[in-house]
Amino acid sequence: MCGIVGYVGDERKTKSVLIEGIKRLEYRGYDSAGVALLEAETEEPVVIRKVGRVDNLSNACKKALKEGFHAVNGIAHTRWATHGRVTDENAHPHRSSDGKIILAHNGVIENYESIRKFLTTKRYTFSSETDTEVLANLIAYHYQKEPESENGLSRFAKSVRKTFNHVEGTYGVAVICTDYPDRLVGARKGSPLILGVGKDECLLASDVSAVIANTNNVVYLNDGELVEITKDGYHISNWDYTQIEPVIHTVDWDIEDAEKSGFDHYMLKEIFEQPKSLENAMRGRFSEDASTAKFGGLNIDVSQLRQMDRILLLACGTAWHAALVIEYLIEKYARIPVEVEYASEFRYRNAPLDKNTLVGVISQSGETLDTLEALREAKRKGYHTMAITNGVGSSIARECHGGIYQHAGPEIGVASTKAFTSQVLIGAMFALYLARLRDMSYGEGKSIVAELKKVPDLVHQSLSEAEKIKEIAKRYSQYPDFLFLGRQSLFPIALEGALKLKEISYIHAEGYPAAEMKHGPIALVCEDCPSVFIVESDEIQNKVVANMQEVKARGGKVICIQSEDCTIPDGLADEVITLPKVHSMIAPLLATIPMQLLSYHIAIERDCDVDKPRNLAKSVTVE
Ligand code: F6R
C-alpha cells in the first residue's frame with residue numbers, strides 16, 4: 001500500500017514518467033496523490049499534492065506547470081492513509097521545514113511521536129498529521145550536521161542513512177535534496193523498493209509495473225539497503241556503508257500485460273486471462289514419466305519432505321481461502337494433516353508446532369506484511385518454509401527457503417482473481433506431488449495429470465457463461481445481503497465468493513459450509529437475502545439440496561452454481577449456472593469463475609469502482 005516512484009534521466013520526460021508511474025501504482029492506494037519536481041531551469045522544487053485519484057493530480061499539474069516545464073529529477077506518491085486524514089496537507093511528498101529535503105514514503109514510522117518531539121526542540125516545524133513528515137525533517141537535521149563526503153556516499157545519502165538508524169517501523173522511501181539536483185536517494189526496510197536501470201535514466205519504485213514502460217532491468221533492493229541514483233548509474237550500500245554488488249533481473253512481462261487491453265476494468269481482464277495464467281502455472285511442471293508434478297525451487301529434498309508429518313499454511317484474505325482449498329486437496333490426496341491459519345494471528349499466537357512441520361505461506365504480492373512476519377516467525381523457530389507467490393523477487397520470495405512462483409503476470413485489480421485460481425491450481429499440483437511421494441499409484445497420478453492439463457480449456461469454457469451471469473447480476477444487484485454456501489472443498493469457494501462480492505459491491509455477504517446454515521445464518525434468510533449454492537454431483541449433493549429446500553421454504557431466492565450432472569429438482573433453484581463435470585481436484589477452481597463474474601457484474605450494476613474499491617488497497621504492507 002502506498003506507491004512511490006522516483007526518476008532521474010531525461011528532463012523532458014520526468015513529469016510524465018512520474019505521473020504514469022504512480023498511475024500504474026494506484027492500486028496500492030488512492031486516497032491522494034502528489035509529485036515533487038526540481039525544475040530544470042531554476043533547480044527549485046515544485047510540490048503538487050491533491051486528494052483523490054492520480055487524474056486529479058494530473059489535472060492540477062496541467063494547470064500549475066507552464067508549457068515546456070522540465071524537471072531534473074522528481075518523486076511521486078499515491079497514498080493509502082494510515083496516520084492522518086485524507087487531506088491535501090497529509091498527501092505526500094513531504095518537505096522538511098528548512099526546505100532542503102523532500103520525501104515520499106510507503107510504510108509506517110512507529111516512533112514518529114518521539115522523533116517529532118525531538119525535532120520540535122530543534123525548531124523544525126510540521127504542517128501535516130502524518131508519521132512521514134518526521135522523516136523529511138530528521139534527514140534535514142542530519143544533513144545540516146553532516147560534513148561533505150570525500151568519497152563513497154554523498155553527504156545527502158549519509159544523512160538518509162543516519163536518519164534510519166533512529167527510525168522504528170517500516171519504510172520504502174524516495175528522497176530529493178535540493179542541493180543535489182542530479183540524484184535521488186532511496187532506502188527500504190519492510191516495504192518494497194525496486195531500482196529500474198534504463199539507458200541514461202534510473203528509477204525507483206514500489207513495484208515493477210511503474211518502471212516497465214522505461215526498462216525491463218530491475219534490482220530488487222533488500223531490507224537495510226540504500227541506493228543513490230543519477231541518470232548515469234547507481235550505488236547501493238548497506239547499513240555499514242559497504243557497497244553491494246547488485247543482481248540485475250530481467251522482467252519477463254511488458255507494458256501490455258499491465259494495461260487493460262480493451263477491457264473495461266482490470267478485474268474483468270484478469271478474469272478472462274485465467275486460461276493463460278493457469279497455463280503458465282503448469283508450464284514445465286509435469287513429469288509424464290513419473291506421473292506427477294515437479295517444482296524447481298522447493299529447496300527441500302525428497303527424504304526431508306517424506307518426513308514432514310504436518311503442513312501449516314499461512315496467508316491473508318483471498319490467499320487464505322486458497323490455502324483452505326489446498327488443505328482439502330493435500331489431506332484428501334496425500335493424506336498429510338494440514339492446518340490453515342491467518343498469518344496475522346499466527347505471528348502473535350505462539351502456536352506449538354510439531355518438529356516435522358512444513359510451513360507454507362501463500363501471497364500474490366509477496367509483500368503482505370502479516371504474511372511476511374509470519375514467515376519470519378516460522379523461520380526464527382527453525383521450520384522449513386516455502387512460499388507460493390506471484391511476486392518475483394518479492395520479500396517473501398527472497399526470505400522463504402524455497403517455493404513456487406505463480407507466473408500469473410501482474411494482477412492490478414484490487415480484488416484478486418487470477419492469482420487465486422493459480423494458487424489453487426499450484427496447490428492441486430503440490431498435493432499431487434506429495435501424494436505421489438506417498439501412496440498414490442502411478443495410474444492415478446497419470447489420470448490426475450491428464451485432468452489438470454485440461455484446466456485452461458475448462459476455464460475457457462466456463463467463461464462462456466459470462467453473458468448469462470451478467471443477466472443474473474442485473475436481477476440481483478439491489479439485494480442488501482447474500483449467503484454463499486458450499487461443502488467440503490467448495491466451502492472456501494463460498495467464502496471467496498462472499499469476500500469478492502462485499503469488497504467490490506459493498507453488499508453484506510457471508511460464506512458458510514452449507515450444513516452450518518441451520519446453526520445460525522438461516523436466521524438471515526428471507527425474500528431480501530438470496531443464497532448462492534455451489535454444488536457438485538458427489539455423495540453429499542442431496543444434503544446440499546435439502547439446504548436449498550430450507551432456503552426456499554423461508555422465501556429465500558436460490559442461485560445455484562452446479563456441475564452439469566447434478567440432479568437438482570426442477571424449479572428449486574431460481575437461477576442455475578452450469579459448469580462442466582470435472583475431477584474433484586479441479587471442481588473448486590472451476591466454481592470460482594462464475595463467482596468472480598457474478599460479483600463483478602453486480603458491482604458494475606451498482607456503479608461501483610471495481611478496480612479501486614473504497615478503503616482497500618492491494619499489497620497490504622502495514623499490520
Ligand atoms: C481480496 C484480496 C486480499 C488479498 C490479501 C493478501 O480480493 O486481494 O484479500 O488476498 O490482502 O494479499 P497477498 O496475496 O498479496 O498476500
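Student: How many residue pairs are in polar contact across the interface of domain 2 and domain 3?

Tutor: A polar contact is a pair of N or O atoms within 3.5 Å; within protein, one must be able to donate a hydrogen and the other to accept it, and residues adjacent in sequence count only if both atoms are side-chain atoms. This is a predicted model, in which local features need pLDDT of at least 70, side-chain atom pairs count only at pLDDT 80 or more, and totals for chains, interfaces and linings use all residues. Residues are numbered from 1 along each chain as its sequence is written, and side-chain values use heavy atoms, without hydrogens and water. With both residues at pLDDT 80 or more, the number of pairs found across this interface is 10.

Student: Which element gives the most residues to the side of domain 2 that touches domain 3?

Tutor: Helices (H or I, at least four residues) and strands (E, at least two) are DSSP runs, numbered from the N terminus. Elements giving two or more residues to this side include α6 (266-272) and α13 (418-437). With 10 residues, the element that gives the most is α9.

Student: How many salt bridges does the rule find across the interface of domain 2 and domain 3?

Tutor: A salt bridge requires a side-chain nitrogen of Lys or Arg within 4 Å of a carboxyl oxygen of Asp or Glu. Across this interface, the number found is zero.

Student: How many residues of domain 3 are in contact with domain 2?

Tutor: Contact means heavy atoms within 4.5 Å. Domain 2 contributes 32 residues, and the number from domain 3 is 25.

Student: How far apart do the C-alpha centres of domain 2 and domain 3 lie?

Tutor: The domain bounds come from an automatic or database domain assignment, which gives domain 2 as 259-453 and domain 3 as 462-609. Their C-alpha centres are separated by 26 Å.
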